[in-house]
Amino acid sequence: MEEKGRIGIPRALMFYRYFPLWKVFFEELGWNVRVSDGLDKRGNIVYLEDSCFPMKLLVTHSLVLKTQVDYLYLPRLVSLHRHHMMCPKFRGAPDIVRLATDGMVPILDDLVDLRVKGHSMRESLLKTGKRLGAKEAESKQAFQKAEAFFLNFQKRWLERINNLPIKQVFDLEAPEGVEEPEKTFRVAFIGHPYNLFDPDVSKEILTFAKSLGMRVITSETLSEREINAQLSDLSKEVYWSSGREIVGSLFHFLSGGVDGMIFLTSFKCGIDALLQELIRRKLKRSGKVSPPLLILSLDEHSGREGLMTRLEAFRDVMEERRHEFNLTYVRST
Amino acid sequence: MSRYKNIMGNFLGIDVGSITTKMVVIDESHKLLAGLYLRNNGRPLETIQQGLAILASRLGDDQAIDGVATTGSARHLAAYLVGADLIKNEITAHSVAVIDLFPKTKTIFEIGGQDSKVILLREGVVVDFAMNTVCAAGTGSFLDQQAARLGISIEEFGRLALEAKHPVRVAGRCTVFAETDMIHKQQIGHSVEDIIGGLCDSLVKNYLNNVCRGKELLPPYVFQGGVAANQGIRKALERELETPMLIPEHFGLMGALGAAKLVKRAKPGRSRFKGFGLSKRSCTTRGFECNECGNQCEVVELLVDEQVVACWGDLCERYRRSYP
């Protein structure tokens, strides 16, 4: 098929979940998909306003793409769950980028709002397809293929995240990677996907964790039902969907299945700040039996030393705890 | 004599922090043979060499070392330089040192040059810890700075704090604002003692509310790190928590002590220690930026007697691989 033009997808925010879906959809419609590279060491971060680091990265990546593509794809992600909302910054993201790029490139920003009929991810993409001149049948077929690919990608998620270098997890052409040797610890890494999987935000903390003998577990593997089950006894409803995923999966792992949990937060994220408090209260009630939790706060500060120190110490905590429980076990038999 | 020392087994622990370097040598029974506490003055390599020279002069050049461990924020640099058998993070090192000394400890407060941490222990096991993240208020370097600004020595600083009759309120949230506040209080006419006393109070509150936020602080409390020397901070902590602090005899050396104990426990077969003679050789580093890929790593080479002996900073490890 002849190429119709280029669509740019900034390597930021929900790229770190939906990229496989979006990419296959547009490619099926005959468009070339261009993704911005990661920041290099001197990567200048654009400060449009004093927002959170991931939002600054969105602007930075969009600016890189603006002269290279015919369209920027940046759906307006208001809600990705029937009853819950995304952070309000997602609602404004396309407008912020439009402002930052001086309108130099048209932005495909069809609404996704699962609380309202007619605004699912599928319907949003079909509308985008129409804007790009595709017939409805073509778009429907493209979405079907994209969805199948996406589901398959999610199925192989844990293998990808553990076997591939972090930079290649969303490189869909990357080979499957080499099976890593058996790890000593199972560690749940929890947080917004754009904090966890963007090496510019998380400073390759997952790479370092793997080298310390940790198998990475994430909330991507939990069903919505498993997450919701954990949230029913909260005194106040968490209405941010990403917040629900974070708290729900953390509470889920609290009851077992992992040796430790690491919550990566963005220094300026209001949602994360509230969640930390919820989590602390729950931990206080659950006492010593639950796996240890490490909360790491990330921002533009580029030093990794502090993160590594904490991660190493956390591994030691998990190791001591394991010894301790083995001892208890021996005594009781 | 030296043969006898060999049989005993001696272990060297080195803790290179942001402001100071600490070194200890212990024997098989954990007895402290020598300990020292030096300021880095921005030159960690030279300071480590200087430390080795001092240790050699105290223990004798032929002092056998059966294991070396490094800790602190520059633990990797120190390990490359001296040839370490074990590299351990400072949180684990500090807690190991405390558990042996005060087995019942439940909370360790550690305030150093630029780092402050809290470590929670339960039945001799570390269960939780936290370090300061985006704020170094209340750590040693700020106290140093303020002492210098007031024209008094850091030793005097702690003593003066105890003489405060009516400690003034000082903003402890941020060092910049704390300083502004202090200058203002001076200009109104408060005494130096009251201002220093107030500063200690507010820094302790800041530490407890930031670093220790949400942590279950239970006694017995151990207070250590260089700042434990500061009577003012110590008293402020005790006032705030209404409980006395246990202060280890070698409160400033605890990281190094923990490291030495850990390497003794690990029992390395043959130590990789390069010897005290290292202090007499030329040790330098040089850096360059690699342009092989987009990472643009800042690679650092360590040279001993003009020979590259180690290399780090390359994410892909292309340079590192050439050195064992």
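The part is named next, and a connected answer follows. At what angles do the axes of α6(B) cross those of α9(B) and α8(B)?

Modeller: First, the ground rules. This is a predicted model: local features need pLDDT of at least 70, side-chain atom pairs count only at pLDDT 80 or more, and totals for chains, interfaces and linings use all residues. Residues are numbered from 1 along each chain as its sequence is written, while chains are lettered from A and ligands numbered from 1 in the order in which they are written. pLDDT is the predictor's confidence in each residue, from 0 to 100.

Now the helix. Two packed helices are described by the angle between their axes and the distance between the axes. Helix α6 of chain B covers residues 154–162, and helix α9 of chain B covers 231–241. Helices here are DSSP runs of H or I with at least four residues; strands are runs of E with at least two; both are numbered from the N terminus. The axes of α6(B) and α9(B) come within 6 Å and cross at roughly 40 degrees. Axes are lines fitted to C-alpha atoms, for helices over the stretch in contact, and angles run from 0 to 180 degrees between N-to-C directions.

Contact between two residues requires C-beta atoms, placed from the backbone, within 7 Å. By class, the contact of α6(B) with α9(B) has 3 nonpolar, 3 polar and 2 charged residues. Ala, Val, Leu, Ile, Met, Phe, Trp, Tyr, Cys and Pro count as nonpolar, Asp, Glu, Lys and Arg as charged, and the others, Gly among them, as polar.

Next, the second partner. Helix α8 of chain B spans residues 192–210. Its axis and that of α6(B) come within 7 Å and cross at roughly 95 degrees. So α6(B) and α8(B) are roughly perpendicular to each other. In α6(B), Phe157(B), Leu160(B) and Ala161(B) take part. In α8(B), the residues are Val192(B), Glu193(B), Ile196(B), Gly197(B) and Cys200(B). The contact of α6(B) with α8(B) divides into 6 nonpolar, 1 polar and 1 charged residues.

Step back to chain B. Its domains are domain 1 (1–102 + 250–280), domain 2 (103–247) and domain 3 (282–324). Such bounds come from an automatic or database domain assignment. Between domain 1 and domain 2 of chain B, the C-alpha centres lie 28 Å apart. Domain 1 of chain B puts 13 residues into the contact, and domain 2 of chain B puts in 26. On the domain 1 side, helix α4 (residues 90–101) of chain B gives the most, with 5 residues. That side holds 7 nonpolar, 6 polar and no charged residues.

Chain A is the other partner. Here 20 residues of chain A are in contact with 18 residues of chain B. Helix α13 (residues 305–332) of chain A gives the most to the chain A side, with 11 residues. The chain A side has 4 nonpolar, 3 polar and 13 charged residues.

A caution applies there. Chain A has a mean pLDDT of 87, with 93% of its residues at 70 or more. Where pLDDT is low, the predicted coordinates should not be read in detail.

Chain A is assigned domain 1 (6–154) and domain 2 (158–332). Their C-alpha centres are 26 Å apart. In their contact, 23 residues of domain 1 of chain A touch 23 residues of domain 2 of chain A.

Last, a sheet. Chain A has an open sheet of 4 strands, in the order β8-β7-β9-β10, with parallel pairing. Strands pair if DSSP finds at least two bridges between them. β8 (214–218) and β10 (293–298) of chain A are at the edges, each with a single partner strand, so one side of each has no neighbour in the sheet. β7 (residues 185–190) of chain A runs parallel to β8(A), joined by 5 bridges. In that pair, Val187(A) stands opposite Val216(A).

Conventions. Angles under 35 degrees count as roughly parallel, over 145 as roughly antiparallel, 65 to 115 as roughly perpendicular and the rest as oblique.
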